[in-house]
Amino acid sequence: LQMLERQVVGGEQAKNKDLKEKHKRRKKYADERRMQLAAALQQSNEDSGDWVLLNVYDSIQEEVRAKSKLLEKMQKKAAETEIKDLQSEFELEKIDYLSTIRRLERDLMLFQQLLDQVQSLVRRDCNYSNLEKIKRESVWDEETGCWKIPEPVIQRTRLP
């Protein structure tokens, strides 16, 4: 009975030594793999722990799914850092533009106050005594990038 039991427990391949060796090698490889994973998990931190576990798969579909999830996670992190970089760059440019605008507004106010003070000193018979007229007659030159202002002229009126 025991002899029959030994033959039946292993089936037809119960006495096949090659098959037994193959099973031993598989078991040894699985044990080594488990030990490597345990050691890697102890050494890894929370972020890198995900990729270590993804190296053991039951099927190709699981491997594809796991690697796709990892790829999506990495792409999301890259996109978030890119967005943060762009936002900080935008903020720096915005601050620079605002400071430029403030400086130009101060300069404009200075020039306007100077013109108001100097206008009263200009002779009444000069065409520069009327600032609005000079503004209307001035023309912007695109080639030189500056204003063409009419020449100052003194208009003498003689009474008969």
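**Note on a predicted model: surface patch, pocket and salt bridges**

1. Leu 110, Phe 111 and Leu 114 together make a nonpolar patch on the surface, with about 300 Å² of accessible area between them. Of these residues, Phe 111 sits in helix α4. The model is predicted, and this applies to every point below.

2. The largest pocket has a volume of about 300 Å³. Its lining is made up of Leu 115, Val 118, Gln 119, Val 122, Tyr 128, Leu 131, Ile 134, Lys 135, Ser 138, Trp 147 and Ile 149. Sorted by class, that lining has eight nonpolar residues, two polar and one charged.

3. In terms of domains, the largest pocket lies between domain 1 (17–121) and domain 2 (123–155), because both give residues to its lining.

4. Six salt bridges are found when the whole structure is searched. One links Arg 34 with Asp 31, and the closest N and O atoms of this pair are 2.4 Å apart. Side chains of opposite charge can pair when their charged atoms come close.

5. How are Arg 34 and Asp 31 placed in helix α2? They are three residues apart in this helix (residues 17–43), so about one helical turn separates them.

Terms used. Residues numbered from 1 in each chain as written. Predicted model: local features only at pLDDT ≥ 70, side-chain atom pairs only at ≥ 80, totals over all residues. Heavy atoms only, no water. 1 Å grid on protein atoms, 1.4 Å probe; cavity = no way out; pocket = protein on both sides within 12 Å on 5 of 7 lines; lining within 4 Å. Points joined across faces, edges and corners; volume = space filled by probe spheres on them. Nonpolar A, V, L, I, M, F, W, Y, C, P; charged D, E, K, R; others polar. Domains from an automatic or database assignment. Patch = residues over 30% accessible without salt bridge, like charges linked within 9 Å, V, L, I, M, F, W, Y side chains within 5 Å. Areas by Shrake-Rupley, 256 points an atom, 1.4 Å probe, with all protein chains shown as cover. Salt bridge = Lys/Arg side-chain N within 4 Å of Asp/Glu carboxyl O. Helix = DSSP H or I, 4+ residues; strand = E, 2+ residues; numbered from the N terminus.
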